[in-house]
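Try each task before you peek at the solution.

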Amino acid sequence: MLNLIGKRLVALVAVLLGLTVIVFALQAVIPSDPARAMVGASASPAAVAAKAHELGYDKPLPTRFLDYLGRTASGNLQSSLRTRNPVADDLRTFAPATLELALSASVLAGVMGVGLALALAAGGRLARLLRLMLVAGASVPGFLVALLAILVFYSWLHVLPASGRVSDSLVLPDGPTGLLLVDSLVAGDPGVFGSALAHLVLPAFTLALVPALAIARTLATTLEQVMREDYVRTARAKGLRERVILLRHGLRNSAGPALTMGGLQFGLLLAGIVVVEQIFSWPGLGLYLNQSIAFSDFPAITGTTLLLGTAYVVVNFLVDVAQALADPRIRTV
Amino acid sequence: MALAIDRATGDGAPAAPAAPAAPTAPAAAATGGGAPAGALVVLAARLGRGRPSRNRVESDAGAVRAALVPVAILTAIAVLAPLLAPHGSLDVTTAGPFAKPSLHALLGTDEIGRDVFSRVLYGIRTSWLSALGVIALGAAIGALVGSVAGAAGGWVDTVLMRLTDLFLSLPAPVLAIAVVASLGPSLMHTLVALSIVWWPWYARIVRGEVRALAARPHAEAARLAGVSRTRLVLRHLLPGAVAPVVVTMSLDVGNLILTLAALSFIGLGAPAPAAELGAMSARGLDYLFGHPWVPLAPAFAVALLALAANVTGDLINRRIDERTNR
Amino acid sequence: MTRRVRWISAGLVAVAMAFAGCGTTNKKAAATNDVLRIPYLADMSVPDPDVFYDIEGNSVILNQYEGLLKYAPDSTKIVGSLAKSWTISADRKTYRFELQPNVMFHDSTPMTSQSVKASFLRRLHVNSAPAYMLMPIKSMSTPSKLTFIVHLKHPVNPFLAYMASSWGPKVIGPDAIKTHAGKDFGQTWLHTHGDGTGPYKLTEFSRGREYALTRNADYWGTKANFEKVLIKITPDIGTQRLELQNGDLDAIMKSFPASELASLPSNLRVIKRDSNLRLLLYVNTNKAPFNNPAVRAGLRSAIDTKQLVSEAYAGTATKSVGAYPEAILPNQPQLPYYPNATRAAAAVKKASTKKITLAYTADESGVQRRVGELLQASLTTAGFDVTLREVQLPDTYGYVKHLKTAPDLMLQTNTPDAADPDTWARIVFYSTGGLNFFGFSDKRVDTELDKAIDAPEAAATKLYQQVGQQVIDSNSIFFLGDVKDVFVINSDLKGVQNIPEYPWTVPYAPLKRAGT
């Protein structure tokens, strides 16, 4: 067991190193001149050269990579050209919103996915219709889904807000996590909790739509197989009701692949935030990345990529280990 | 959402591949994303344990043919777009900007007076061919890496597959954004960036098939007969990997079109004035309320392409299952 | 099973809706006359007046800080702000400003001539882009608490215009700067705080979310009507529009798609006013084919500016008439732009290469892309093979270093720093100008501009007109359109004042809701 975790840890480090190499390579091929960008367009060539020397851009590539690795490991991601703050500080500002959105969307995707899978497993016309609707929904460009969702639930029905994390008239608790749902509970503030939840619904749903479908389909297929297993037949023979069997035996024994699919989907979810945060004015990393792209702010772009990439790699590592812990068959793989 | 590299994932996902041992999971492959390889192998293996019921298989045979019809129509449109379109994709018509849909301009005109119907036809061509291009390139790189690894075995296999795993473990869509943002938006950059992140799956699939086939008696026989290694791979092993690769490719088309659309939305897609469906829809979004046909017509075309690709991919997948299970 | 799932989801939806309900109540309760909500499409760079040099963010600076002078609404007339009156010496090198008495900074310290001097010095020390306006200063003196004197090295005609510019020197509380000086003259502190004298104080700066301006109860002038102004980062114009229609926003100040103005509901009002923003087409004269003047002349004949502007801007811009914004220079030489297909085609035949790249800068409203696409169509008709390329504004500053690989043509929208011909000519026409992207260089233009800056007014005006004519004749920059400020506001919002020199922004203090 420990051996397995050790192996996966080594792989994790290798992958993170690979990620750093790629991000560094991106920085190296960028056609712009970061030193000039920092000192300003009207600066003298001497000033640019001095800045380039200070930043180490005049050193050979391998040396620069080692410098970069050292700096990154110590949490220094240079300064944003736009906000003029250290990128690491900016990421700290924007990360909680994205974390809250990504977690909520993951939970929602799980719930929707399992619900749909059970509906599909139970069969029926309604389930097919539901599936068709989801497939159709997932075939439309995401930005359109988001905007139409705002049009329906905000503009027409007036039931959900369109933008932001929380109503701007509320005083936010200065919480320990930066996650409004958690912080408001800690502070005992139902107003903020309700508002934060209402603001989460549309963006989380838009983000969860595709992963939910993926999870549902994985789960439905595994369920179908599990329900043909011998122990299920035994349970049937014992006279247990189909619903109980499905829940007790089916779901438990088919959770693994769905969990893995969930981990995979997390990467897509992270990329999806760039679009979702833009439309729902969600003050997170996606918004930060998008603004940085529009400003050619490369320290910020690469810093965000590094953070999102690391999050993805770590989440999948955890899924992997959790799976191995839960299912003894995997340990031999 | 729309970094929809996976939109369709959903669809292709769970269709069960047959050979239990081979990591041919087109299921997971459709994610276009990466995953810790070990877990995927397990996923593939577990998914593979099932057998589709006989009734389902028989009804699907007809369904595959039915599902191929829209794909055939769309491909025909893509190829024949220049003949079918009443106007060129860049021609500014006399109807002026924002003309309402009418007999004269079936889907109206866009913000500078180009015929939307014609642009959608050309857009189907661009998007369809772009998606196919990325997939073909990804599959080609993947096939090369996979077959070399599978045929060579030993340390070559180990090195190549560890490299593949590394790429699989990275968040492909996020990297694609970073690559395009760094190189600057152009259709070529976008396609290259996507191809770079798209190949590892194919490498895995091909390698798995090649390894599995290499152990089969006919490959053994060929080897004993003194067939050269290259020839063995090309003639006897690689053809066996074609089916799962095709399945994965068909499932990927929808994903790619939606990914291009999402990149366009954040300003990193096909640059203007290219008639690319995602870009047209993303750029037309400003006119959604006053002139809804401008963004909606290409969006529906995207949905149509994605849907056709997904459904067909799904059914082909089952069909191949059925064949291998027989 | 399925039933249970349905029940659970129904329950979840109900809970969410209930919460949404109470969220909405909160919002409506607050959306009284006390809070004004304005969206920004993107975060501003930094709310530090000595660093900030963009357009989006102007309203945060201008409602919080004041300079010595400002422009009057709907005109280019300079009026006093923190300076009550001012006199200029006969040699035009000494400016004496008499300051408003009883002005307090937001931290309740008094504003004096010493504060003005400290602020000017800080701008010079920070030495960021807008510092150039103070470079000609030789010395400053403060003979009394309310008298501030500036001695210039040489006469500078636009000096008063600099003082009134939206990027001109602002007076920042010296105590706050001293307390938070750090190693960068308080720049880090000013990333999220402020200390001005204006009608609003910056009370929150949450990047990516919102900036809050709160009414300054001790303001020396007419106090603001709204208790609070919330600037909300709402990056999607579609979302902005729906929120405006629903009353969750009060006004959209920029990038509203012109073609959609006609489809607005009746509770919204459109205000179109002049601004000094101009649409320009820069020509790269350093490489083929546009290094050939004959080909450039053909380019001129190939463009129908009137049609281009009216189609792309749908009534939110007009065809330019001169090389300078109309309001800032009288009797300008007129633009001789007459479309002529035959002449265009004939000139294009002389081009050594027909393949050209047309760049446009990315903007949220997509208007430059529209111009680019239309221009591409007409240049294609003329015989060019045009590739369109979208570029980000910061990248364009690097072109001047790589002229051979830079695009052949580039569209940009720019505004002069102040309503003075020099602040336009010096950045766009001068060989080393900051907005002279393709390094247009004409020795005569440089000499004349250097002469004009300290020449007597009549002579200077003549020189600027002359320079304008030379630039027009060079066909290296085409002046396409004068862009209007378009505000889409809730009909019940009154008191909108437009200042052409301060695009995308209005003074918030006079705004109020009808009936209050």
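**Exercise 1.** Which residues in helix 9 (residues 305–313) of chain C are buried?

*Solution.* Some ground rules before we start. This is a predicted model, where local features need pLDDT of at least 70, side-chain atom pairs count only at pLDDT 80 or more, and totals for chains, interfaces and linings use all residues. Residues are numbered from 1 along each chain as its sequence is written, with chains lettered from A and ligands numbered from 1 in the order in which they are written.

Step 1: A residue is buried if 20 or more other C-beta atoms lie within 10 Å of its own, exposed if 12 or fewer, and partly exposed in between, with C-beta atoms placed from the backbone. Helices (H or I, at least four residues) and strands (E, at least two) are DSSP runs, numbered from the N terminus.

Step 2: go through the helix. The buried residues are C:T305, C:L308, C:V309, C:A312 and C:Y313. They span an arc of only 90 degrees around the axis, so they sit on the same side of helix 9 of chain C; the arc is taken from the directions from the helix axis to the C-beta atoms.

Step 3: look at what lies over them. The cover includes strand 13 (317–319), helix 11 (367–382) and strand 17 (477–490) of chain C.

Step 4: step off the end. Just after helix 9 of chain C, C:A314 has a positive phi of about 45 degrees.

**Exercise 2.** Describe how helix 7 (residues 142–156) of chain A packs with helix 7 (residues 237–245) of chain C.

*Solution.* Step 1: the angle is about 10 degrees and the axes are 11 Å apart. Axes are lines fitted to C-alpha atoms, for helices over the stretch in contact, and angles run from 0 to 180 degrees between N-to-C directions.

Step 1: name the arrangement. Angles under 35 degrees count as roughly parallel, over 145 as roughly antiparallel, 65 to 115 as roughly perpendicular and the rest as oblique. Helix 7 of chain A and helix 7 of chain C are therefore roughly parallel.

Step 2: find the partners. On the chain A side you'll see A:L147, A:I150, A:L151, A:Y154 and A:S155, and these meet C:G238, C:T239, C:L242 and C:Q245. Contact here is C-beta atoms, placed from the backbone, within 7 Å.

**Exercise 3.** Is C:T505 buried or exposed?

*Solution.* Step 1: locate C:T505 in the loop between strand 18 (493–494) and strand 19 (512–513) of chain C.

Step 1: count. C:T505 has 24 other C-beta atoms within 10 Å, so C:T505 is buried.

Step 2: list the contacts. Leaving aside neighbours within four places in sequence, C:T505 touches C:N58, C:S59, C:L62 and C:M253.

**Exercise 4.** Which residues touch the most other members of the largest nonpolar core?

*Solution.* Step 1: a nonpolar core is a set of buried Ala, Val, Leu, Ile, Met, Phe, Trp, Tyr and Cys residues joined through C-beta atoms within 7 Å.

Step 1: this core has 331 residues, and the answer is A:A208, A:L270, B:I257, B:V302, B:L305 and C:Y508. Helix 9 (residues 190–226) of chain A gives the largest share, 23 residues.

Step 2: zoom in on B:L305. Beyond four places in sequence, B:L305 touches B:L74, B:I124, B:S127, B:W128, B:G254 and B:I257.

Step 3: glance at chain B as a whole. Chain B has 12 helices and zero strands, and 63% of its 326 residues count as buried.

How values were computed
Contact = placed C-beta atoms within 7 Å.
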